[in-house]
Amino acid sequence: MRLLTFARDLRRRKSRERQGFFVVEGVRAVEELLKSPLTVRGILSAPQLAEAPRGRELLAQIAGTAIEHSAVNEAEFRSAAETESPQGILAIAKIPVRSLVELSGRTPFRLLVLDALQDPGNVGTIVRTAAALGADATVALPGTVDLWNAKVVRSAMGAHFHHMAFHTTAEELFEFLDAESVPLWAADADGSPVDSVSAPERLALAVGNEGAGVSSSVRERASAAVSLPIAPSVESLNVAVATGILLFQLRK
């Protein structure tokens, strides 16, 4: 399959899931990808990439590898890219196989659970924040946007390449938490103020979307709920901002 056709096809979640590949867009993201242990299937570039010194350096780096590289015109490139102002570089990489089993026995342990979060920008920011604040992994339950969506990957700015982020089911998650004796806490506006609780060494934290919060199955399974005390004049915080504050507080 030609790289251009392949990249176009990977815009669809079903195709990414079926073929096991995803797309990385932008100079910085591709630079980070090339430093990572992930397998790179191929790279597409457009003429505008060579107009900037950093782009020319990246092209030279690519030329020194065995990675398949295809130069296309701007119109062709835009047909595969999802950014409004593409920088002229796009890479296709293999989705790493990750699972809850790999997390067994870790102490201390922090697991972030995304429960039906649907905004790609928020999810990408959360994955990057989780990686920065030392979470062992981020798992996405059904109803959450695809973690390998190009917008999610772009917002995470390379965090996917080293932070364990993957999809799982609620059943698999609950079985893992039970087997590992890891308590599950839920972020909830009616929960205890996070600065008033003491977090255990091993903990899973679930966050839900701003409108509905965590799902009923997660709420019922959670042994505690925590909240952020905010000014009464503000109804709620952006979920990515709130998750970052909670993770920072709970790592202490």
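1. Phe109 is buried, at a relative accessible area of 0% (buried is under 20%, exposed over 50%, partly exposed in between, with a 1.4 Å probe and protein chains only). This is a predicted model, where local features need pLDDT of at least 70, side-chain atom pairs count only at pLDDT 80 or more, and totals for chains, interfaces and linings use all residues. Residues are numbered from 1 along each chain as its sequence is written, and side-chain values use heavy atoms, leaving out hydrogens and water.

2. Now the rings: 3 aromatic pairs turn up (Phe, Tyr and Trp rings, the six-membered one for Trp, with centres within 6.5 Å; planes under 30 degrees apart are stacked, over 60 edge-to-face, the rest tilted). One of them joins Phe22 and Trp148, and it counts as tilted because the planes make 55 degrees, with centres 4.6 Å apart. Phe22 sits in strand E1 and Trp148 in the loop between E6 and helix H7, 126 residues apart (helices are DSSP runs of H or I, at least four residues; strands are runs of E, at least two, both numbered from the N terminus). Phe22 is buried at 0% relative accessibility, and so is Trp148, at 5%.

3. Back to Phe109: its edge-to-face partner is Phe176, at 6.2 Å between centres and 65 degrees between planes. That pair ties strand E5 to helix H8 across 67 residues. Phe176 is buried too, at 8% relative accessibility.

4. Finally, a charge: Lys94 lies over the face of Phe21, 5.1 Å from the ring centre (the rule wants NZ of Lys or CZ of Arg within 6 Å of the centre and within 35 degrees of the ring normal).
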